[in-house]
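Please look over the sequence and the model shown here before reading on.

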Amino acid sequence: LWYLRKGQFKKAELFFEKTIDTLTGHNPNPYDGEPYYNLGIALKMQGKTDKAYEALYKAVWSDAWQHAGYLQLAQIACLRNDWEKAFELIESSLLKNYHSHTARHAKTFILRKLGRHEEAVAFAKASIEIDAFNYGCLYENYLLSTAKNEKVEAGEYLHQLKTTSRNWEH
């Protein structure tokens, strides 16, 4: 985990693989999915998305890692432009953490990519009602309004985003 946090993903990968070998020596389904999750992140950061996908899927076997694991799996599906699969995975993530800003933003842009604009707008608005500081959903509202050529509404969303973020790009 130390190597993962320091950005030394290849070294981290080796340690996580050894940890998994030890944990699964007597039982193919370990008590906790954290080593699989961490291995998946290390692999993803190296661009090994196919192997990362397998490790992350193994991690979601453990209840504690379902939200984070499904969120990472949805991100990989997005990288592959597999929007239907991404939608399915992000829905699984939201079942475990309904208020996750990241997952709610991801669902909104996945709906936009699927061309389901009305659902995306409704979900983004619901997300902003839960938390007015969900900048991702505020920006998605702007993008969705722009796509529908609603310049006045798009301007209002952009103003709301800038006001809420105090015009701070970070």
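**A loop and its contacts**

Ser62 sits in the loop that links α4 (49-59) to α5, where helices (H or I, at least four residues) and strands (E, at least two) are DSSP runs, numbered from the N terminus. The model is predicted, so local features need pLDDT of at least 70 and side-chain atom pairs count only at pLDDT 80 or more, whereas totals for chains, interfaces and linings use all residues. Residues are numbered from 1 along each chain as its sequence is written, and side-chain values use heavy atoms, with hydrogens and water left out.

- Ser62 is buried, its relative accessible area being 7%, where buried means under 20% relative accessible area, exposed over 50%, and partly exposed in between (1.4 Å probe, protein chains only).
- When residues up to four places away in sequence are not counted, Ser62 touches Tyr31, Asp32 and Gly33, a contact being defined as heavy atoms within 4.5 Å.
- Gly33 belongs to the loop between α2 (9-23) and α3 (34-45), and Gly33 is likewise buried, with a relative accessible area of 3%.
- With neighbours within four places in sequence left aside, Gly33 is in contact with Ala59, Ser62 and Trp65.
- The C-alpha atoms of Gly33 and Ala59 are separated by 4.3 Å, although these residues are 26 residues apart along the chain.

**Overall fold**

- The chain has 10 helices and zero strands, so that the order of elements from the N terminus on reads α-α-α-α-α-α-α-α-α-α.
- The C-alpha trace of the chain spans about 60 × 30 × 25 Å along its principal axes.
- The chain has 170 residues, of which 42% count as buried.
- Among contacts in the chain between residues at least 6 apart in sequence, 49% join residues at least 24 apart.

**Helices α8 and α9**

- Helix α8 (residues 117-130) packs with helix α9 (residues 135-147) at an angle of about 150 degrees, and their axes are 9 Å apart; axes are lines fitted to C-alpha atoms, for helices over the stretch in contact, and angles run from 0 to 180 degrees between N-to-C directions.
- α8 and α9 are therefore roughly antiparallel to each other, on a scale in which angles under 35 degrees count as roughly parallel, over 145 as roughly antiparallel, 65 to 115 as roughly perpendicular and the rest as oblique.
- On the α8 side the contact involves His117, Ala120, Val121, Ala124, Lys125, Ser127 and Ile128, which meet Cys137, Leu138, Asn141, Leu144 and Ala147 in α9.
- The residues of this contact of α8 with α9 divide into eight nonpolar, three polar and one charged, where Ala, Val, Leu, Ile, Met, Phe, Trp, Tyr, Cys and Pro count as nonpolar, Asp, Glu, Lys and Arg as charged, and the others, Gly among them, as polar.

**Helices α5 and α7**

- Helix α5 (residues 66-79) and helix α7 (residues 101-113) pack at an angle of about 30 degrees, with a distance of 11 Å between their axes, and that makes α5 roughly parallel to α7.
- α5 passes α7 in a left-handed crossing, and the contact is made by His67, Leu71, Gln75 and Cys78 of α5 together with Thr102, Ala103, Phe109 and Ile110 of α7.
- The residues of the contact of α5 with α7 comprise five nonpolar, three polar and no charged.

**Cysteines**

- A search of the whole structure finds zero disulfides, a disulfide being a pair of cysteine sulfur atoms within 2.5 Å.
- The sulfur of Cys78 is 14 Å from the closest cysteine sulfur, which is in Cys137, and this is too far for a bond.
- Cys78 counts as buried at 13% relative accessibility, and Cys137 is also buried, with a relative accessible area of 0%.

**Positive phi outside glycine**

- Asn149, in the loop between α9 and α10 (151-164), has a phi near 60 degrees, a positive value in a residue other than glycine, and Asn149 counts as exposed at 58% relative accessibility.
- Asn167, which lies in the segment after α10, has a positive phi of about 60 degrees although Asn167 is not a glycine, and Asn167 is exposed, with a relative accessible area of 54%.

Methods:
Left-handed = near helix turned anticlockwise from the far one by under 90°.
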